[in-house]
Amino acid sequence: MSVTFNSKSGMITGDGWELMDSKSEHGGGFRKSARCIGGVALCLGLLYLLLLVIIIAMLDALKNEKDTLQIERDGLRTERDNLTVERDQLSLVSSNLTKELEELQIRFSKVAASRDGLKEEAQELNQNRSVKLCPTKWVKFKEKCYYISEKDETKSWRSSRRDCQDRGGDLVIVTSKAEEDFISEYHDRVWIGLSDLERDGKWKWVNGNELDFEGFWQNGEPNDDRNAEDCVEHSHSGRGWNDMPCREKLSWICED
């Protein structure tokens, strides 16, 4: 290997290479290049450091955001769990309310059935109330009740009337042919509630009303025989009314 120094150019040359003398004018350019490279390296280092700081800051921010999101996620999970518990509680309450509603519906149906039954009973009672009921041993005809004395029991007109009053009624007042036919079905002769005791010839019923129609007198009656016949009997065999002495003892018919 051969080395040659050129004093003019300040270059040292060898086989395929050359070296500039540091004292030559080209030595200053080399130093400038070295300084530029160092500056670039410094800038790159600073840039790298800046990037590193930015990356670290971003990572820290991401970590904080991650932690925040995890906290929010945990809060949402807790809220979800609470909502699930509340949902289950509401479901239980709804189930209980449904059962209570079914029980109330059953009770309502029973009450409604009981109410309908009471309505029917009330209607029956109203019907029974409108239909007159007669006391024991009294006979019903149309809308009146009648007491028929026993066949072997006879009394005077006044005693017969007193017996009727003791039973809560009075001697029968005949107001229609149907009623006349009804009392004819029993005893042959019975006292009825007609007399002229207050005024001779002025026939009045026991309720104070005057006889306001011809009545059902037998032929030739009333005749007030011997001025002693002031009370009226109904005679089935005689087919009508007949005035009789009030002291005579006959069967009788009361009405309420």
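Which residues form one aromatic cluster?

Tutor: Happy to walk you through it! This is a predicted model, in which local features need pLDDT of at least 70 and side-chain atom pairs count only at pLDDT 80 or more, while totals for chains, interfaces and linings use all residues. Residues are numbered from 1 along each chain as its sequence is written, and side-chain values use heavy atoms, leaving out hydrogens and water.

The cluster is formed by W203, W205, F213, F216, W217 and W241. One of its members, W241, is touched by E233 (contact means heavy atoms within 4.5 Å); among the other residues that E233 touches are R189, W191 and L250, not counting residues up to four places away in sequence. E233 lies in strand β9, residues 231-235 (strands are DSSP runs of E, at least two residues, numbered from the N terminus). At 2% relative accessibility, E233 is buried (under 20% relative accessible area; exposed is over 50%, partly exposed in between, with a 1.4 Å probe and protein chains only). Its side chain makes a polar contact with that of R189, at 2.8 Å (N or O atoms within 3.5 Å, one able to donate a hydrogen and the other to accept it; residues adjacent in sequence count only if both atoms are side-chain atoms).

Across the whole structure, a search finds 11 aromatic pairs (ring centres of Phe, Tyr and Trp, the last by its six-membered ring, within 6.5 Å; planes under 30 degrees apart are stacked, over 60 edge-to-face, the rest tilted). F182 and Y186 form an edge-to-face pair, 5.5 Å centre to centre with 70° between the planes. F182 is buried at 5% relative accessible area, whereas Y186 is partly exposed at 33%.

Note on methods. Helices (H or I, at least four residues) and strands (E, at least two) are DSSP runs, numbered from the N terminus.
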